[in-house]
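Please open the model in your viewer and keep the selection panel at hand.

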Amino acid sequence: MRIIPGPQKIDRFMKQIWIIARRELKSFFDSLMAYIMIIAFLGFSGFFTWLYVADIFFQGQASLQVFFSIAYWTLFFFIPALTMGLLAEENRSGTIELLLTKPVEDWQVVLGKFLATFLLIAIAIGLTLPYYITVANIGPVDHGAVISGYVGLLLMSGSYIAIGLFASSFSNNQIVGFLAALFIGIMFHWIFGMISMNFGGFFADLFHFLSTSSHFDSMSRGVIDFTDLLYFLSIMVIGLVATESILSKKHQ
Amino acid sequence: MDIVIRNLTKKYGAQRAVDDISFTVKTGEILGFLGPNGAGKTTTMKAITSYLIPDEGDVLVGNYSVNKDSQEVKKSIGYLPEHNPLYLDMAVIDYLRFVAELQGVSKDKINGRILEMIDVCGLEAEKHKKINELSKGYRQRVGLAQALIHDPEVLILDEPTTGLDPNQIVEIRELIRKIGREKTVILSSHILAEVEATCDRIIIINRGKIVADGTSEELRKHSQGKEILRVTVEGVERDAFIREAQQVSTVEQVDPLDDEGSYEIQSRPDLSSRKSIFALCCEKNWVLTELTPIQTKLEDIFHELTMDR
């Protein structure tokens, strides 16, 4: 049983996570994956936000609603592409053995890889801040709604990264990691929402709660509810715990 | 730092990959771990590096147990896994830095250690190349460099010379011998000559159990108590020699080797026929041109111990 670690131990614990995260992040950029992802994300969201027919100028008000709903779908597809190799590639090449025989705990590997992907997504999302500045110059913006929308995007990304990491953990094939992440993701992203509309009573409520969109939509409109935070954090925790338990099976 | 393995058992399903093994390796000792493929060498090494949790028993590295303090154990071990997995997209120097940081080498020492490893392992010209641009021999050196980067007291090398050309094998062996003077080294191999050339002590393992343990001389002595002599005699017919030699009380068997007068003479257990063969030749006035005791080859011992009967 682990008791609560002292400050020095926490420092050491975080340090190992950061060393792993930094290597992973560097590998994203070295492999051009990071640049492709950022450019594609900015391109897609920029095109649909500013140029396509249902664009921001048709809203009749200065808001980033359009951008948030586009980002909602682009991130859904991009995140599995980033996470698919995180553990599958280590399993395939055997480097996972190398990593786990260093003074590193399974948890630190999981959290390091999560952190690296989350930082990359945060950079991509951060680069859309000029959209916000532009819109704010066009008219009066509900700053609260924008901030809550951005927080919603980050939380949603976090949950999908956790799912993607899990999907990458049980196979040594990146494609399996990608498809499994999309499959689990689409449940939360879309299918649960559809199911809830076809049911009544308890099941409607249940699937409505499980659906990402129900939580994300309210956040992108500026309503942060405690249950929304709980929802995203739960998916993250469950995804990471599941990943860790798959990883720890390697020791048996 | 000593390594103590106590009643280690590791099962894969119903199969016991390692079955109740115990042995100790002392500081400064280079232990060769020998056995056919699938004998349990790699599993034992993985248990020592605390990658695999033992089903039963314990491994102590210094004062730390892999069951209780696996993180402490990992700090004092340098490990080169089988097939030498590496992050192929990293440059050699970046990779060594990554491993050094993970191993907790302090900031002011990291650069010094990296340069030292590059020097020791002969990677100077390759240090800025990506690992996937390197040949197998250089990758093996990178694997060895990462295992040594934190100056560990224990070195675990799983088949360190597979896939290398003969020159590289000699180089790596020399490197291991050099390093092994102050450290505790366990290396596995199924190449017998390699183990004999590098190791102070040999453990042969088969089907998860230790079947032999000792220096190569000791193993020879134990495996066969029978002396074998190669003898060449001139001035006598083959049949006559065989008949006469078999009369000698210590001789068990005489086999002709060729038509030139060479024979292989096997003595009875724990007896030597050297003197009596010499005396026989003197008595009969035969010219004895060769009398060589033949060493049992390690291959034979290995074969004898690990053959499935």
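Which residue just after helix 10 of chain B takes a positive phi? Select Asn285(B), where phi is about 65 degrees. This is a predicted model, in which local features need pLDDT of at least 70 and side-chain atom pairs count only at pLDDT 80 or more, while totals for chains, interfaces and linings use all residues. Residues are numbered from 1 along each chain as its sequence is written, chains are lettered from A and ligands numbered from 1 in the order in which they are written, and side-chain values use heavy atoms, with hydrogens and water left out.

Next, select helix 10 (residues 274–284) of chain B, whose buried residues are Ile277(B), Leu280(B) and Cys281(B) (buried means under 20% relative accessible area, exposed over 50%, partly exposed in between, with a 1.4 Å probe and protein chains only). These three lie on the same side of the helix because they cover an arc of only 95 degrees around the axis, the arc being that of the directions from the helix axis to the C-beta atoms. On the other side of helix 10 of chain B, Lys275(B) and Glu283(B) are exposed.

Glu244(B) belongs to helix 9 of chain B and Lys284(B) to helix 10 of chain B, so the pair ties together parts 40 residues apart in sequence.

Finally, select Lys26(A) and Asp94(B), a salt bridge with its closest N and O atoms 3.6 Å apart, which crosses between chains.

Technical notes: Helices (H or I, at least four residues) and strands (E, at least two) are DSSP runs, numbered from the N terminus. A salt bridge is a side-chain nitrogen of Lys or Arg within 4 Å of a carboxyl oxygen of Asp or Glu.
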